[in-house]
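I opened a new page for this model.

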Amino acid sequence: MSASRPGVPESFQTDRLLARVPLPGDGAALNEATLETWPGLNRWMEWAQGEPPTVAESEANAHTARQAFEAGTELRYHLYNRSDGRFVGVIGLHTIDWSVPVFEVGYWCRQSEQGKGYVAEALRGITRMCFEDLNAARVEVRCDPRNSASRRVAERVGYSLEAVL
């Protein structure tokens, strides 16, 4: 559980995935998946602009994510295939307002694992966790209106389009 927010699980499981908080040593797997997926990440993710990260930068990123998790300001989970332990991607909660509570979900999947339903499965899992464990009043997915793949995932899980900003 998060040090600052009781009830925040450090991990959850779905049929095929283990979602867990970033740990020391995650940098290499995170970096491998990030580099494999960089062109897609660079297109849609604000944090993925400029040069791709080094392994050391990915390790530092995982460490920072762990600190944010402990502070309750961002709840990021690394996704692993339960059958073989392969790093699949990332899902997390950000733009958190604990007073409501409301959460915004962000996600990405490594290129070689896209199209297998992992992101939808992880989104179902984290959405369930938000409502069951965190007493969420609202959970949102925001994506670029041109990112039709991300939008389809959210719709497949049951999210509905409310607005285009």
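Is W108 buried or exposed? I found W108 buried, with a relative accessible area of 8%; buried means under 20%, exposed over 50%, and partly exposed in between, with a 1.4 Å probe and protein chains only.

I noted the source next. This is a predicted model, where local features need pLDDT of at least 70, side-chain atom pairs count only at pLDDT 80 or more, and totals for chains, interfaces and linings use all residues. Residues are numbered from 1 along each chain as its sequence is written, and side-chain values use heavy atoms, with hydrogens and water left out.

Then I turned to the rings. F87 lies in strand β4 (residues 87-97) and W108 in strand β5 (residues 102-109), so the pair ties together parts 21 residues apart in sequence. Strands here are DSSP runs of E with at least two residues, and helices are runs of H or I with at least four, numbered from the N terminus. F87 is buried too, at 3% relative accessibility.

F103 is buried at 0% relative accessibility. F12, F69 and Y77 form one aromatic cluster.

Last, I checked R152. R152 sits in helix α4 and is partly exposed at 45% relative accessible area.

Technical notes: Phe/Tyr/Trp six-rings, centres within 6.5 Å; stacked < 30°, edge-to-face > 60°.
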